[in-house]
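These are my notebook entries on a single protein chain. I looked up charge pairs, the nonpolar core and the surface, and I recorded each in turn.

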Amino acid sequence: MEETKEQILVKRLLAKEEAAWKELFAAYSGNLSYVCSRYIIEKDDVHDVLQNSFIKMFRSIDSFQYRGNGSLRAWITRIVINESLRHLKQNLSLKTDTDLDTIPDFSNDDEPDLESVSKESLMEMIRTLPNGYRTVFNLYVFEEKSHKEIASILGIAENSSASQFHRAKAMLMQKVNEHKMIKKGAL
């Protein structure tokens, strides 16, 4: 059975081959930067977290277990997410001081129509959420973590995770509706 490109790259990384690390960085840094920027807003902080993530990858590559195609990508993405969360815990409060009266109530039936919103616009809206809301939202939606898992990861109560997700979703719906109104007015 022939080795995949990923298996060959893993072997080169395990051998601490400098060119392999440059190849890994070139192939994945854009995607990893995008993942990191879902959690962290400041570009300098994103850069620092990515740098720390690559250092952690280098130091812990010996513990990596190849489990099939895509396992390297999953492993490095997990490191970036964990480093992003570590950065948030050290530098920012995951609590929010958003005035709860400004967040409209909604039912789960009120799912917004996202057809008219570009992926870039939606991601920018997510990035404008308060730290705690954004972090819980990202973990729940993108990382598919349960509120119990999120509570454990962030050191918050499970009902706080659910509440922050609910509020994040409400704020996003409000932003999507405002975006659509602006877009409609521009037509």
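**Entry 1. Salt bridges**

I took a salt bridge to be a side-chain nitrogen of Lys or Arg within 4 Å of a carboxyl oxygen of Asp or Glu. By this rule I count 9 salt bridges. The structure is a predicted model, in which local features need pLDDT of at least 70, side-chain atom pairs count only at pLDDT 80 or more, and totals for chains, interfaces and linings use all residues. Residues are numbered from 1 along each chain as its sequence is written, and side-chain values use heavy atoms, with hydrogens and water left out.

I looked up K11 first, and its side chain meets that of E3 in a salt bridge at 2.3 Å, N to O. For accessibility I used these classes: buried is under 20% relative accessible area, exposed is over 50%, and partly exposed is in between (1.4 Å probe, protein chains only). E3 is partly exposed, at 34%.

I then turned to E83 and K56, whose side chains form a salt bridge at 3.4 Å, N to O. Because E83 lies in helix α4 and K56 in helix α3, this pair ties together parts that are 27 residues apart in sequence. E83 counts as buried, with 5% relative accessibility, while K56 counts as partly exposed at 43%.

R127 forms a salt bridge with E124, and the closest N and O atoms are 3.8 Å apart. Both residues lie in helix α5, 3 residues apart, which is about one turn of the helix. E124 is partly exposed, with a relative accessible area of 45%.

I also recorded a network of salt bridges that links R12, E17 and E23.

**Entry 2. Fold and core**

Helices (H or I, at least four residues) and strands (E, at least two) are DSSP runs, numbered from the N terminus. The chain has 8 helices and 0 strands. Buried residues make up 38% of its 187 residues.

Contact here means heavy atoms within 4.5 Å. Of the contacts with a separation of 6 or more, 71% are between residues 24 or more positions apart.

Which residues have the most contacts inside the largest nonpolar core? They are L13, L24, L32, M57, L72, W75 and I76, in a core of 43 residues. Each of the helices α1 (5-14), α2 (18-39), α3 (43-60), α4 (71-91), α5 (119-127), α6, α7 (147-154) and α8 (158-186) supplies at least two residues of this core. I defined a nonpolar core as a set of buried Ala, Val, Leu, Ile, Met, Phe, Trp, Tyr and Cys residues joined through side-chain atoms within 4.5 Å.

**Entry 3. Surface**

The chain exposes about 11300 Å², of which carbon and sulfur atoms supply 51%. Accessible areas come from the Shrake-Rupley method with a 1.4 Å probe, and for residues only the protein chains shown count as cover.

Y140, V141 and F142 make a nonpolar surface patch of about 230 Å². Patches consist of residues with over 30% relative accessible area and no salt bridge, with like charges joined within 9 Å and nonpolar side chains (Val, Leu, Ile, Met, Phe, Trp, Tyr) within 5 Å. V141 lies in helix α6 (residues 131-141) and is partly exposed at 35%. The C-alpha atoms of V141 and F165, 24 residues apart along the chain, are separated by 9.4 Å.
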